[in-house]
Amino acid sequence: MKYDLIVIGMGPSAVFLAYELIQKNKAKNVLLIDQGKSVENRYCPMEKAGKCLKCKPYCNITCGFSGAGAFSDGKLNSYHLSSRDKDGKIYLGGNGGGYFREYYSEDELNELLTYTDNIYLKFGADPKLKGTEHIEEIKKLQEKAFKNNLNLVSFPIRHLGTEKAHILYGEIEKYLKEHNINMMFETEVKDLIIKNNTIKGVKVHHIKENIDEELLSDKVVIAVGRKGASWLSEMCEKHNIATKIGSVDIGIRYELPNKVMAKINEYMYEGKFIGRPYPYGDKVRTFCQNPSVFVSAEVYDNGLTLVNGHSYKDRKSENTNLAILVSHNFTYPFDKPIEYGENVAQNLNRLGGNAIMVQRLGDIYRGRRTWEEDLKNNSVRPTLKGAVAGDLTYGLGYRTMTDILQFIKDVDKVVEGFANPDNLLYGPEIKFYSNEIILDKDFMTSIKGLYSIGDGGGLTTGLMMASCSGVQMARILCKK
Ligand SMILES: Cc1cc2nc3c(=O)[nH]c(=O)nc-3n(C[C@H](O)[C@H](O)[C@H](O)COP(=O)(O)OP(=O)(O)OC[C@H]3O[C@@H](n4cnc5c(N)ncnc54)[C@H](O)[C@@H]3O)c2cc1C
């Protein structure tokens, strides 16, 4: 079979690419491939079973139509509506939107973000924005943060919630089907077919039928998300696709009472603290803050279990959770950030008997592990049922741990109670990006006809920017 375009992955970046091609009448012979299932067939058994069952062959939380978006918290960051930072630029998420900053003006970014946001609204996103009503209070918090060497970034958020995200992406899936986008589910892309530095197609394995096949196209878009970061790194090495050493974000999921986070939750919904704590000056940030929610687990390549957060529109807990992530940027001669992160995750998984490990902050200060008994008597009740009490300091490096503990102390000066001993740390929380793929202005890699979008190649770090990258990819392809 020869297609006009093959897209590897069906996360938000790929889905928005297909949507935009339909708008431009250029979606006749397009194929999307994903190793996971369609939205209606994706189901995470953890809630019923009480622990992660490590679904085979692929985790239902991260794989399938709409990728990691389907079970995400569904917080759409309205960056374009944010108050600008001091140089007047739009904040563009965790990695700062390096590519977009380089090639797009503020006006172009504004248009792209507004357009993409409107697609979400068209498919049922909540028109109400959170984080827009308490501007003066937010300013005061930002000033307090600034005095304590922290940056507190604020922008409005459109919150879907996990159930709504599922429904919304289900509607988009229907729309793509109605417009004859070809979708192959439960199909792994094993390899790229490249000849004379030019893409020719992909080699796939149909999981259910146990059949291998070659599918041809002169244009292939890689949209494999963080789930595919490790596979993508392998591809880059095997086919000499140009990359620069990327970073890996390693840290923990932090759980504390809503009461402590009340102001941030009320005024901003999600507060993004960014600091460079003493003594290393590494970038440490909070990410994916969820009020009244549940800590969750998800399974990645090689069976690695990582922690995350889930929020439901209708089911609430008394706790807030957020990630505290330390950016690890390695220097010569080490160039394997993904392997480093995988080793950290593997050690922590082993120490936790293949489950997520949880420890009280107070126990870390006292130099002791946490026991199940301690959790029973703890004022903060863990919301991840299958988490195993233990000692994270055996698995996280000294530098990472020091960064996290100092950062917690710094934030405590802005949010009283942030460093309470009963607060819980879960690990490992790791955000893998493949080594950053070097792209030209048209998202093309060093291989002719091979493009990369979304989180996998290190271009974006969230739903909104991943979706924007898909829309923009479609616009670029239509011009060719
Ligand atoms: C629990 C959770 C909560 C989140 N909450 C938020 C949030 O509130 N707000 C926010 O902005 N972001 C959130 N995120 C992150 C967000 O989901 C991602 O940024 C976004 O989904 C990235 O989109 P993507 O298209 O780049 O890739 P993904 O969504 O990761 O999709 C990649 C797809 O590629 C497929 N794939 C990978 N390799 C292959 C292969 N070799 N062959 C076939 N298929 C392959 C995978 O199965 C997957 O379906 C959350 C993520 C998780 C896991």
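This is a predicted model: local features need pLDDT of at least 70, side-chain atom pairs count only at pLDDT 80 or more; totals for chains, interfaces and linings use all residues.
## Background

Most peptide bonds are trans, and most residues other than glycine have a negative phi. The sites below depart from one or the other pattern.

## Cis peptide bonds

Start with Pro 333. The bond that joins Tyr 332 to Pro 333 is cis. Its omega is near 5 degrees. Pro 333 sits in a loop. That loop runs between strand β18 (319-328) and helix α9 (337-351).

Next comes Pro 428. The bond from Gly 427 to Pro 428 is also cis, with omega near 0 degrees. Pro 428 lies within a strand, β21, which covers residues 424-431.

Asn 197 is not a glycine, yet its phi is positive, near 60 degrees. The residue belongs to the loop between strands β8 (187-195) and β9 (198-206). Asn 197 has 13 other C-beta atoms within 10 Å, so it counts as partly exposed. The exposed class would need 12 or fewer.

Tyr 269 also has a positive phi without being a glycine. The value is about 65 degrees. Tyr 269 is in the loop between helix α8 (262-268) and strand β14 (272-275). Is Tyr 269 buried or exposed? Tyr 269 is buried, because 21 other C-beta atoms lie within 10 Å. The cut-off for buried is 20 or more.

## Sites to inspect

- Tyr 332 to Pro 333: cis bond.
- Gly 427 to Pro 428: cis bond.
- Asn 197: positive phi, partly exposed.
- Tyr 269: positive phi, buried.

Note on methods:
Residues are numbered from 1 along each chain as its sequence is written. Helices (H or I, at least four residues) and strands (E, at least two) are DSSP runs, numbered from the N terminus.
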